[in-house]
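Trainee: Could you walk me through this model, one feature after another? I would like to learn how each kind of feature is read.

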Amino acid sequence: MRVAIIGAGLAGVTSAYELALQGHEVHVFERDTSVATGASFAPPGLIAPGLMAARPQWPMAWRGKPSQLGWKLAHWRARRARGQQALPEALHALALRGQAVMAVWRRELQMDVEREGGVLMLWRNAKDYKAAAPLLARLQERQVPHRELDAEGCRTHEPGLNAESPLHGGILLTQDEAANARQFSQALKLEAQRLGVRWNFNTEVLRIEPGAQPAVHVAAGEPLRVDAVIVCAGKGAAALLAAQGLKLPWGTTHTHTLTAPLRQLEAHPDLGPRATVIDMSLGVSLTRLGQRVRVGGGNELGGSSTQPDGQSMGTLHQAAHDWFPGALLAAGQQRWKTARLMLADELPLIGESGLPGVWLNIGHGEHGWTMAGGAAQLLSARLAKKDAGIDAALLEPGRLR
């Protein structure tokens, strides 16, 4: 098959590589200069099926106006207030598949990617930890490998934790991990190119033409006719699909990250995190990436994508100071904010769009890194009319019709 992919973030790059592995002719269109320049540029970096199963309710600041959302804000807030339901089995299976696929690709392709294993969720006091009982029950229900740790156990696992910060205990997700998404995307792009994938950067897709032989129209040159178009364009997908009458009820969320060099002191080798810790009260993760630390959180619903929000960035700085004071160097810090599309049910859209010849791989929210490899394999199997081994009907775009 000849396949066109729109978007070269994690979803687009992994889809391109998997399809090329299966022998398809793949063309990728990206309006920016390289892979992973949007939401895949500097995300918190978690590859965490266990965290997905736990379904913690992160703090979410409201920015902007309710009219920005494609669904009723009151209904979404009410559902979150009632507590989240168990993670759909198909979504957890996709996350586990995604993590396994990424591990195989890293190993077989001998990728040199910054990565650390283990995610430690921290609670500051007994009251908050007791309130997290449903989270623990969800971990047990999904049989997620984990260990409950008291404060001493947390500090043994992460010796750099500030001894003066209040800490009741934590839960260690032993098989979750974190890695550098952009670094991985760049390495996989080269491998995909060796398999014949054709990359079209600095190329704006003007419109999609659905049909038995759909086409991708760009600013310069003739339309490319293919057997299938896969839209992996993240926040850019909404306008492309709406132009064809497919108006989906999107909301927009924003995530902030702060990436800073880790201070190196021979007398204090554990100034920063060894792997990943999550402050459950602030909803902020702190992850070791080589000789840097990436602090992620400051989640917002609605608002503008243009500049990092001062209040949200302040939350990231607070978490870094509370848990690893003095560990981050002021020089060389990178502040980053990205927008993601999200549906009210917080599930992605993976499958046939309803437009002839057009497929979707979008709406993954904060778990795009976790699901990318699994979603790529799922789509590849669906295109070839093969059994993907996952009953993913719940993730199909048809659920919205």
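Mentor: Gladly. The bend at a residue is the angle between axes fitted to the seven residues ending there and the seven starting there. Helices (H or I, at least four residues) and strands (E, at least two) are DSSP runs, numbered from the N terminus. Please keep in mind that this is a predicted model, in which local features need pLDDT of at least 70 and side-chain atom pairs count only at pLDDT 80 or more, while totals for chains, interfaces and linings use all residues. Residues are numbered from 1 along each chain as its sequence is written, and side-chain values use heavy atoms, with hydrogens and water left out.

Trainee: Where is the kink in H11 centred?

Mentor: On Gly-374, with a kink of about 30 degrees.

Trainee: How many of the residues of H11 are buried?

Mentor: Buried means under 20% relative accessible area, exposed means over 50%, and partly exposed is in between, using a 1.4 Å probe and protein chains only. In H11, 14 of the 16 residues are buried, so the helix is mostly covered. After H11 comes Lys-385, with a positive phi near 60 degrees.

Trainee: Which residues are in contact with Ala-388, leaving aside its neighbours within four places in sequence?

Mentor: Contact means heavy atoms within 4.5 Å. By that rule, Ala-388 touches Arg-97, Leu-378 and Ala-381. Ala-388 sits in the segment after helix H11 (368-383).

Trainee: Why does Ala-388 count as buried?

Mentor: Because its relative accessible area is 14%, and the cut-off is under 20%.

Trainee: Now the rings, please. How many aromatic pairs does a search of the whole structure find?

Mentor: Rings of Phe, Tyr and Trp (its six-membered ring) pair if their centres lie within 6.5 Å; planes under 30 degrees apart count as stacked, over 60 as edge-to-face and the rest as tilted. The search finds five such pairs. One of them is Trp-123 with Tyr-129, edge-to-face, at 5.1 Å centre to centre and with 80 degrees between the planes. Trp-123 is buried because its relative accessible area is 5%, and Tyr-129 also counts as buried, at 18%. Phe-184 and Trp-369 form a tilted pair, at 5.1 Å centre to centre and with 55 degrees between the planes.

Trainee: Which helices does the pair of Phe-184 and Trp-369 link?

Mentor: Phe-184 belongs to helix H8 (residues 181-194) and Trp-369 to helix H11, so the pair links distant parts of the chain, 185 residues apart. Phe-184 is buried at 0% relative accessibility, and Trp-369 is buried at 4%.

Trainee: How should I read the strands?

Mentor: Strands of a sheet pair through backbone hydrogen bonds, either parallel or antiparallel. Two strands count as paired if DSSP finds at least two bridges between them. Here, an open sheet of three strands runs in the order E9-E10-E11 with antiparallel pairing. Strand E9 (205-209) and strand E11 (224-225) are at the edges; each has a single partner strand, so one side of each has no neighbour in the sheet. E9 is joined to strand E10 (residues 215-218) by four bridges, and Arg-207 stands opposite His-217 in E10.

Trainee: Which residues lie on each side of strand E14?

Mentor: In a regular strand the side chains alternate between the two faces of the sheet. In E14 (residues 276-279), Thr-276 and Ile-278 are on one side and Val-277 and Asp-279 on the other, and all are buried. Strand E5 (residues 115-123) pairs with E14 in the parallel sense over four bridges, with Val-119 opposite Thr-276 and Met-121 opposite Ile-278. E14 also pairs with strand E15 (residues 284-289), antiparallel and over four bridges. These two strands form a hairpin with four residues between them, and Gly-283 in the turn has a positive phi of about 70 degrees.

Trainee: How many disulfides does the structure hold?

Mentor: A disulfide is a pair of cysteine sulfur atoms within 2.5 Å. The structure holds zero. Cys-154 counts as buried at 0% relative accessibility, and Cys-232 does at 6%.
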